[in-house]
Amino acid sequence: MAAYAERINRHDFELLTPLIDDDATFWFSSGSYRGMEAARAAFERTWQRLADETYWLQDLRWIAKADEAACCIYSFHWQTTLEGQIIRGSGRGTTVLGKRDGIWRILHEHLSAFPE
């Protein structure tokens, strides 16, 4: 997760591909994306719109750990400049990781707003 949080801010999806399973599913407020190419399109669309976005995770809590799978929950935060204004946002996230061929990869990520 530390590598993911660091690499995502470089806005280069190729840096993320070793960390994501080919069949991963991402649930974002903008939609649901299954598979590497769908995830790539979603990430790159966001980076194109929010070119200087910075994203970070806080309060990671591992709620399940095993030899082949793990799951963590966290809060996520982002900041960018849009039309000359600094805007920020945050929410809650869940990531499920699986160990395939000895390498941990993201199998599922779900980001959503905090409840009102």
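Student: How do you know that the sulfur of Cys 71 is too far from the closest cysteine sulfur for a bond?

Tutor: In this predicted model, the closest cysteine sulfur, in Cys 72, lies 6.4 Å from that of Cys 71. A disulfide requires two cysteine sulfur atoms within 2.5 Å, so the pair is too far apart for a bond. The structure holds 0 disulfides.

Student: Why is Cys 71 called buried, and why is Cys 72?

Tutor: Buried means under 20% relative accessible area. Cys 71 has 13% and Cys 72 has 0%, so each counts as buried.

Student: How do you know that the span of helix α3 agrees with what its residues should give?

Tutor: Helix α3 comprises 14 residues, 36-49. At 1.5 Å a residue they should span 20 Å, and the end C-alpha atoms are 20 Å apart, which agrees.

Student: Which residues of α3 are buried, and what puts them on the same side?

Tutor: Met 36, Ala 39, Arg 40, Ala 42, Phe 43 and Trp 47 are buried. They cover an arc of only 165 degrees around the axis, and therefore lie on the same side of α3. An α-helix has 3.6 residues a turn, so residues three or four places apart point the same way. On the other side of α3, Glu 37, Gln 48 and Arg 49 are exposed.

Student: What do the buried residues of α3 pack against?

Tutor: They pack against α1 (2-8), α2 (13-16), β1 (20-28) and β2 (31-34).

Student: Which element supplies the largest share of the largest nonpolar core?

Tutor: That core has 25 residues, and α3 supplies the largest share, 5 residues. Phe 43 is among the members that touch the most others.

Notes. Residues numbered from 1 in each chain as written. Predicted model: local features only at pLDDT ≥ 70, side-chain atom pairs only at ≥ 80, totals over all residues. Heavy atoms only, no water. Helix = DSSP H or I, 4+ residues; strand = E, 2+ residues; numbered from the N terminus. Expected span 1.5 Å × (residues − 1). Buried < 20%, exposed > 50% of the residue type's maximum accessible area, 1.4 Å probe, protein only. Arc of directions from axis to C-beta. Contact = heavy atoms within 4.5 Å. Core = buried A, V, L, I, M, F, W, Y, C linked by side-chain atoms within 4.5 Å.
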